[in-house]
Each structure stands twice: as C-alpha cells, then as structure tokens.
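Trainee: I'd like to learn how to read a two-chain model like this one. Could you walk me through it?

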Amino acid sequence: MLYPHERSLVDEMKNRPFALIGVNSDDLDRAQAAVRKNKINWRSFQNQRKESKTSISEDWLLYTWPTIVVLDADFKVCYRGGDCDEATAVARRLVSELDGKPAEVDGQ
Amino acid sequence: MKARLIAAVLLTLGFAQVSYGQVEASPEQRYQDLTAEVAGANEAWKARLAELRDAEKNGGPPIPADAFQSPLIPFVAKFDAAAKDYAGTSDAIPFLTWMAQNALPMVGDQRKAAKDAVRTLVTTHRKSPSLEKLEWMVGRLDYFYDEKEALEVGLQLEKESPSSKVRAYATFSRVGATINKAPVDSDEFRKAKSEILKVLEGVEIDDLASSVKTRIKMRENFSLGMSPPDIVGVDLDGVEFSLSDYKGKVLFIDFWGDW
C-alpha cells in the first residue's frame, strides 16, 4: 500500500505549494474506516457523486486503480499513471521550481 | 424392339447419372453446407471438451493441449477453396467474410489466408455493402498493408463504398494515428478530429464513435500539458469542495481505494 509513502509526502510538503488530494472509490463507511486505521492525512473526494450520473473517475476517463495524476500550478497535467515513485519525483521537481527550495529525495 | 427399349432406358439412366455428376451446388448452398458443417464440428468440440473437463474433475487425466485447438482450423482451407472458385465475383464474398471473421485469431497459414481475404474484400469487393461486417478491420487497414498501401486502399473505400459505415471506418483508418499521436494543438490534429467527427455524424457505429470521442477527450484534456476539467464533489465528511480550490499549488491526485 502507498499510505506510508503518501503520509510522509504530505508531511514533507507541509507549508509548501503542494496538496495531495484523493479520489476514493470505496463506500463511505469503508473509506472512513481506512482513514482512521491508516492515519490518512489528506482530503479525498468521494468518487461516486449523488447528484451526478457519472463518477469522477469516469469523467476523468480513468479505468485503472490506483492511478496518480500530477498537475502543475497552472492546472496542467505533468504526470498520469500508476508509478508512485515517478509521480512523486515529478511533484517534487514542480514544487521546487515553484518555491525555489531544493527537491528532497526519498530517504534523505 | 425390346433391345431398343433397354438401350433407351440405359441411355436415360446413363444420361441422368452424368447430369447428376455435373450438377454442382449453388454458391449459396455451398456456403450453407459449409457453415452447417462448422456448426456441427463446433458442437462436437464443445461436447468433447466438456467430457474431458468432467473426467479431469473426477480424477482423470489432465485435458490434452490439442483438445483446446479450434475446430474451425480445418475449415479455413475449405472456405478459401470456395472463395478461389468464385474469385472476382460477388459469390466469393461470404466465403472471404467468413475467413476474415473467423481465421484472423489463428496462426500460420490460416491467419495468412484471413489477411488475404480481407485484402481481397477491401479491394476487389470494395463496393460491396457486406464490408460493413468487417468493422474494425476496415478501421485498421495498417494491420493488413504497409502505411502507403493502407492509405491508398482507405481513400478508395472512402470514395467508392456505398456504405456510410464502411466510409467512416476507412476515414478512421486514415486519421486514427494522427488522433492518437499528433500534438493536440497542431493543425494536423484539428483537421483529423474534424474529419472523423464529421463522418461519424449520423452513422450508427456506437463502438467506433464512442472510442473516437473518448480518445479525443483523453488527448485534449488528460495528455501531458493539457488542462483537465475541474472536480467538484464532496469529501469523506460530506463537505463540498473542488479541485480548483487548490489552483496555484502542485496537485498530487491519487485515485485510491482500501483494497
């Protein structure tokens, strides 16, 4: 599971121009239990929307789970795929370009 | 008199035999007979496989690999022979179509025969409405030809096929790669998009229309450097928010579940 990596990414990026946002596909009870159990420290959308016929993932043409999309500060796609390490590297580089601080590397 | 009568009877019988020997089944009958044979072989194959599965389940030997082999394989040569007998005429079309629809997933000679059948259909028989049955094959002419030939054959179909479906598939064959690969902000991409959307208007090919529209949406909204639509929804506490609330930050969006 990616929880520990993502938790530490959120901590690492505290006070920097970065946000980790989830889109969760579980039913609400299960999602809330997972948040408590895994100490998830990021905000998530519920994928199914009561007021909409389509889910968020359908609107985003996403059929593979888990998938990560990284957007830059101008809301442009910089990464879309399933490789968490690659997505993290892209996000770190973008944040660093944005706030001028050096990008951290896992384990350092 | 008696001898003449016998001779006449013998002659009649002989003539009848010769005639019978010369009577050939019509192309339609030949096709029906062959497809009936195929159906019979298919049923026998399924029954044998079911028996072998039952036997295996009850402790018998494992199912031999050749038991899974398609029962259609021996029929490809028969359909091919019939198509050759009627070569150049519309009578060949059902036999060629059968090969295209059934033998492409096979290997070796059978696949080669199927590819040849498709090539014959889209050239010699390009004006036949039966080409609608080929569906994706007309939309992927690059699978059957090199790039230059695929373009030529496709353009001819676009010009000469009486079927709007066939023309739409042929247009897709020509512009599909551009839609998949050309930069979204290029004139090439815009032209390809406009052409394919125009031919899909009013043509009932749901699968093609939906896959083309999805592909265009994917390229225009989700490929690298493009801006996806905003997300507006509720969080796990039921509080509404949107992705654009975070604009100006780098966003790491994780589509996740607790599996």
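Trainee: Which residue is the bridge partner of A:V69 in β4(A)?

Mentor: A:R80 is the partner of A:V69 there. Before we go on, a word on the ground rules. This is a predicted model, in which local features need pLDDT of at least 70 and side-chain atom pairs count only at pLDDT 80 or more, while totals for chains, interfaces and linings use all residues. Residues are numbered from 1 along each chain as its sequence is written, and chains are lettered from A and ligands numbered from 1 in the order in which they are written.

Trainee: What counts as a strand, and what counts as pairing?

Mentor: Helices (H or I, at least four residues) and strands (E, at least two) are DSSP runs, numbered from the N terminus. Two strands pair if DSSP finds at least two bridges between them. Here β3 (residues 67–71) and β4 (residues 77–81) of chain A pair in the antiparallel sense over four bridges. Their hairpin has five residues between the strands, and A:F75 takes a positive phi near 70 degrees in it.

Trainee: How many helices and strands does chain A have?

Mentor: Four helices and four strands. From the N terminus on, they run α-β-α-β-α-β-β-α. The C-alpha trace of chain A spans about 40 × 30 × 25 Å along its principal axes.

Trainee: In what order do the strands of the open sheet lie?

Mentor: The order is β2(A)-β1(A)-β3(B)-β3(A)-β4(A), five strands with mixed pairing. The edges are β2 (43–46) and β4 of chain A, each of which pairs on one side only. Neighbouring strands are turned by 20 degrees against each other on average, direction ignored; for such angles, axes are lines fitted to C-alpha atoms, for helices over the stretch in contact, and angles run from 0 to 180 degrees between N-to-C directions. As a general idea, side chains in a regular strand alternate between the two faces of the sheet.

Trainee: In which sense does β3(B) pair with β1 of chain A?

Mentor: Parallel: β1 (residues 18–24) of chain A and β3(B) pair over seven bridges. One pair to look for is A:N24 with B:W256. With β3(A), β3(B) runs antiparallel, joined by five bridges, and A:L71 has B:L251 as its partner.

Trainee: How many residues of chain B are in contact with chain A?

Mentor: Contact is a distance test: the C-beta atoms of the two residues, placed from the backbone, lie within 7 Å. By that test 30 residues of chain B are in contact with 47 residues of chain A. On the chain B side, α10 (206–222), β1 (232–234) and β3 (250–256) each supply at least two residues. β3(B) gives the most, with seven. That side divides into 17 nonpolar, seven polar and six charged residues (Ala, Val, Leu, Ile, Met, Phe, Trp, Tyr, Cys and Pro count as nonpolar, Asp, Glu, Lys and Arg as charged, and the others, Gly among them, as polar).

Trainee: Why is B:T120 called buried?

Mentor: A residue is buried if 20 or more other C-beta atoms lie within 10 Å of its own, exposed if 12 or fewer, and partly exposed in between, with C-beta atoms placed from the backbone. B:T120 is buried because 20 other C-beta atoms lie within 10 Å. B:T120 sits in helix α5 of chain B and touches B:L96 and B:H125, not counting residues up to four places away in sequence.

Trainee: How do I read the rest of that helix?

Mentor: The general idea is that an α-helix has 3.6 residues a turn, so residues three or four places apart point the same way. In α5(B), the buried residues include B:A113, B:A114, B:A117, B:V118 and B:L121. The buried residues of α5(B) pack against α3, α4, α6 and α7 of chain B.

Trainee: Which residues touch the most other members of the largest nonpolar core?

Mentor: A nonpolar core is a set of buried Ala, Val, Leu, Ile, Met, Phe, Trp, Tyr and Cys residues joined through C-beta atoms within 7 Å. Among its 43 residues, B:F95, B:L96, B:M99, B:A100, B:A117, B:V118 and B:V138 touch the most other members. A second, separate core of 28 residues includes A:L9, A:V70, A:A87 and B:V250.
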